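Here are some notes to read alongside the model, written as one colleague to another. Have the viewer open as you go through them.

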Amino acid sequence: MTDSPDLLMSDPTAAATAAAAALARATGIEHHDVALVLGSGWVPAADLIGTTVADLPVTDLPHFAPPAVAGHAGRVRSVDADGTKVLVLLGRTHYYEQRGVEAVAHGVRTTAAAGCRTIVLTNGCGGLDPSWVPGTPVLISDHINLTGASPLRGATFIDLTDLYSARLRALCRELEPSLPEGVYAQFRGPQYETPAEVRMAGIMGADLVGMSTGLEAIAAREAGLEILGLSLVTNLAAGMTGEPLNHEEVLEAGRAAAERMGRLLAQVVRAL
Ligand code: 8IG
């Protein structure tokens, strides 16, 4: 099928193949090894991962949407981490942008088409454990998808057991034994939760609330990628502190944690 603006909707896999081909042309790197998606709070850590080989706006690649959120950079980078070729997406398309699940999954599918076998999905999120102060990194152990959506089409009954690789979580805990684990509940957003929704998520078994990673993880599993999920708790979830939530606090927690997260990611991509 030839490329056209409609390809993302008619054949998302072909759209990802087209984007990966454009990426190879733009970066000069034919195949990448590891994908890294940097969410809110993680972008300042990007410079610490390795040597930047190429850096371009995602909109230079076919079927990528421009970033909708301040603090979501909308760039793609090829980084060399001691020989490991890391494809870094700085920013992502969220489901609440209403561009469809195809746009949400396009970045993940492009990394698979670019040769990646492993993907590290990061996000900024709200935490339900009061001991997790803003700036605490948490390994995602599982998720609860509360969006009502899926990136899959048709009778695609894929298994989500061990979606967030136990092997990769164990590897992270070898690097940083104090890393806690938690279940991530994905809400549609863009509004933050009500305090009652946060209590509901806790009763359901969630420890983290966010707006991104679950749908991407499902698309990544379908694409055959091994998945590591890392959340940065940038705020306590709504209703837990008595203070309202604001986006500036999220960005500040990311800036404050950048060095620690950068060091962690640099170690992780080298150990995969
Ligand atoms: I950063 O408290 C960030 N993203 N749903 N709730 C949800 N998403 C978030 C939150 C939060 N903080």
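This is a predicted model: local features need pLDDT of at least 70, side-chain atom pairs count only at pLDDT 80 or more; totals for chains, interfaces and linings use all residues.

Which residues of α6 are buried? Residues are numbered from 1 along each chain as its sequence is written, and side-chain values use heavy atoms, with hydrogens and water left out.

1. **Helix α6.** The buried residues in α6 are Thr213, Gly214, Leu215, Glu216, Ala217, Ile218, Ala219 and Ala220. That makes 8 of the 10 residues in this helix, which spans 213-222. Buried here means under 20% relative accessible area, exposed means over 50%, and partly exposed is in between (1.4 Å probe, protein chains only). Helices (H or I, at least four residues) and strands (E, at least two) are DSSP runs, numbered from the N terminus.

2. **What α6 packs against.** Its buried residues pack against the strands β1 (34-38), β5 (118-127), β6 (136-145), β7 (181-186) and β9 (226-236), and also against α3. Just after α6, Gly224 has a positive phi of about 90°.

3. **Thr110 in α3.** Helix α3 covers residues 101-113 and includes Thr110. Thr110 is buried, at a relative accessible area of 4%. Its side chain reaches the backbone oxygen of His106 at 2.8 Å. Setting aside neighbours within four places in sequence, Thr110 is in contact (heavy atoms within 4.5 Å) with Ala16, Ala19, Ala20 and Phe64.

4. **The ligand shell.** The residues around the ligand are Gly124, Cys125, Gly126, Tyr192, Glu193, Val209, Gly210, Met211, Thr234, Asn235, Leu245 and Val250; to count, a residue needs a heavy atom within 4 Å of the molecule. The space taken by the ligand is the largest pocket. The elements that give two or more residues to this shell are β5, β8 (208-210) and β9, and β5 gives the most, with 3 residues. For the grid-minded: a pocket is an open set of points on a 1 Å grid over the protein atoms alone, with protein on both sides within 12 Å along at least five of seven lines. A molecule sits in a pocket if more than half of its atoms lie within 2 Å of its grid points.

5. **Polar atoms at the ligand.** A polar side-chain atom of Glu193 lies 2.5 Å from a nitrogen atom of the ligand. Polar backbone atoms also come in: one of Gly124 is 3.4 Å from a ligand nitrogen, and one of Gly126 is 3.5 Å from a ligand nitrogen. The protein covers 96% of the 320 Å² of accessible area that the ligand has on its own (Shrake-Rupley method, 1.4 Å probe).

6. **Backbone geometry worth a look.** Most residues other than glycine have a negative phi, and most peptide bonds are trans. Asp82, in the loop between β3 (75-81) and β4 (84-90), has a positive phi of about 50° and counts as exposed at 65% relative accessibility. Asp162, in the loop between β6 and α4 (166-175), has a positive phi of about 55° and is partly exposed at 42%. The peptide bond from Gly189 to Pro190 is cis, with omega near 0°, and Pro190 is found in the loop between β7 and α5 (195-204).

Key. A polar contact is a pair of N or O atoms within 3.5 Å; within protein, one must be able to donate a hydrogen and the other to accept it, and residues adjacent in sequence count only if both atoms are side-chain atoms. On a 1 Å grid over the protein atoms alone, a cavity is a set of points where a 1.4 Å probe fits but cannot get out, and a pocket is an open set with protein on both sides within 12 Å along at least five of seven lines; lining residues have an atom within 4 Å of a point.
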